[in-house]
Amino acid sequence: MDNTRSKPNILVTGTPGTGKSTLCQELAERTKLEYINVGDLAKENNYFDGYDEDRGCPVLHEDQLLDDMEDRMQEGGKIVDYHGCDFFPERWFDLVIVLRCDNTQLYDRLTARGYSGKKLSDNIECEIMQTLLEEARDSYPHEIVVELNSNTPDDIESNIERIQVWMDNWTKNN
């Protein structure tokens, strides 16, 4: 944690389809923090290092992305949205949210997005095995990693309110 920032940095991670972008966009709107969708940033700047044919997606060039984000993250006041988290520097984040979703709902959400085959099965397995939760717990201090359910619109609202309370406390203590 970097106590020189006037506003916290929050990472929202989780399996694709758990509601990260929805939560982040709404949270950014309500808190005036800057929303950074890592996937969009990578696309805009072509931060890719090849293509994964099995999963049907580009491979992120992590070093290029991190170099781009470094100064912005030092400022504070960022909400970062990405399905992975282990390559981001620990010092960047004051709170790490891992969104979780019921597997049946997640399956429906991902198939509606056009996921199929290995890409679909890998993501469902990732959620079942809590892969991203474990990745977050292995990458950041346990006290800043929070697991939140994201199955319904009520869950999203409750999660936003919970994060806002956390932000108020962070601001008071920093």
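This is a predicted model: local features need pLDDT of at least 70, side-chain atom pairs count only at pLDDT 80 or more; totals for chains, interfaces and linings use all residues.
Trainee: What is the phi of Asn-46?
Mentor: Asn-46 is not a glycine, yet its phi is positive. The value for Asn-46 is about 55 degrees.

Trainee: Where does Lys-32 lie?
Mentor: Lys-32 is another residue other than glycine with a positive phi, near 65 degrees. Lys-32 is also exposed, with a relative accessible area of 64%. As for its place in the chain, Lys-32 belongs to the loop between α1 and β2 (34-37).

Trainee: At what angle do helix α1 and helix α7 pack?
Mentor: Take α1 as residues 20-31 and α7 as residues 153-173. Their axes are 10 Å apart, and α1 passes α7 in a right-handed crossing. The two helices are therefore oblique to each other, at an angle of about 45 degrees.

Trainee: Which residues in α7 does α1 meet?
Mentor: From α1, the residues involved are Thr-22, Leu-23, Glu-26, Leu-27, Arg-30 and Thr-31. The residues of this contact of α1 with α7 divide into six nonpolar, four polar and three charged. On the α7 side, the partners are Ile-156, Glu-157, Asn-159, Ile-160, Ile-163, Gln-164 and Met-167.

Trainee: With which residues is Asn-159 in contact, leaving aside its neighbours within four places in sequence?
Mentor: Asn-159 lies in helix α7. At a relative accessible area of 5%, Asn-159 is under the 20% cut-off, so it counts as buried. Its contacts, with those sequence neighbours set aside, are Leu-23, Leu-99, Leu-148 and Asn-149.

Trainee: How far apart in space are Thr-18 and Asn-103, C-alpha to C-alpha?
Mentor: Thr-18 is found in the loop between β1 (10-14) and α1, and it is buried at 0% relative accessibility. Beyond four places in sequence, Thr-18 has contacts that include Leu-99, Arg-100, Cys-101 and Leu-106. Thr-18 and Asn-103 are 85 residues apart in sequence, and their C-alpha distance is 9.8 Å.

Trainee: How many aromatic pairs does a search of the whole structure find?
Mentor: Ring pairs link Tyr-82, Phe-87, Phe-88, Trp-92, Phe-93 and Tyr-140 into a cluster. Over the whole structure, the number of aromatic pairs is seven.

Trainee: What is the angle between the planes of Trp-92 and Phe-93?
Mentor: Both residues are buried, with relative accessible areas of 2% for Trp-92 and 1% for Phe-93. Their ring centres are 6.3 Å apart. The pair is edge-to-face because planes over 60 degrees apart fall in that class, and the planes of Trp-92 and Phe-93 make an angle of 70 degrees.

Trainee: How many residues apart in sequence are the parts that the pair of Phe-93 and Tyr-140 ties together?
Mentor: Phe-93 and Tyr-140 are edge-to-face, 6.1 Å centre to centre with 80 degrees between the planes. Tyr-140 is buried too, with a relative accessible area of 3%. Phe-93 lies in the loop between β5 (78-81) and β6 (95-100), and Tyr-140 in the loop between α6 (131-139) and β7 (145-149). The pair therefore ties together parts whose separation in sequence is 47 residues.

How values were computed
Residues are numbered from 1 along each chain as its sequence is written. Side-chain values use heavy atoms; hydrogens and water are left out. Axes are lines fitted to C-alpha atoms, for helices over the stretch in contact, and angles run from 0 to 180 degrees between N-to-C directions. Helices (H or I, at least four residues) and strands (E, at least two) are DSSP runs, numbered from the N terminus. Angles under 35 degrees count as roughly parallel, over 145 as roughly antiparallel, 65 to 115 as roughly perpendicular and the rest as oblique. A crossing is left-handed if the near helix is turned anticlockwise from the far one by less than a right angle, and right-handed if clockwise. Contact means heavy atoms within 4.5 Å. Ala, Val, Leu, Ile, Met, Phe, Trp, Tyr, Cys and Pro count as nonpolar, Asp, Glu, Lys and Arg as charged, and the others, Gly among them, as polar. Rings of Phe, Tyr and Trp (its six-membered ring) pair if their centres lie within 6.5 Å; planes under 30 degrees apart count as stacked, over 60 as edge-to-face and the rest as tilted. Buried means under 20% relative accessible area, exposed over 50%, partly exposed in between (1.4 Å probe, protein chains only).
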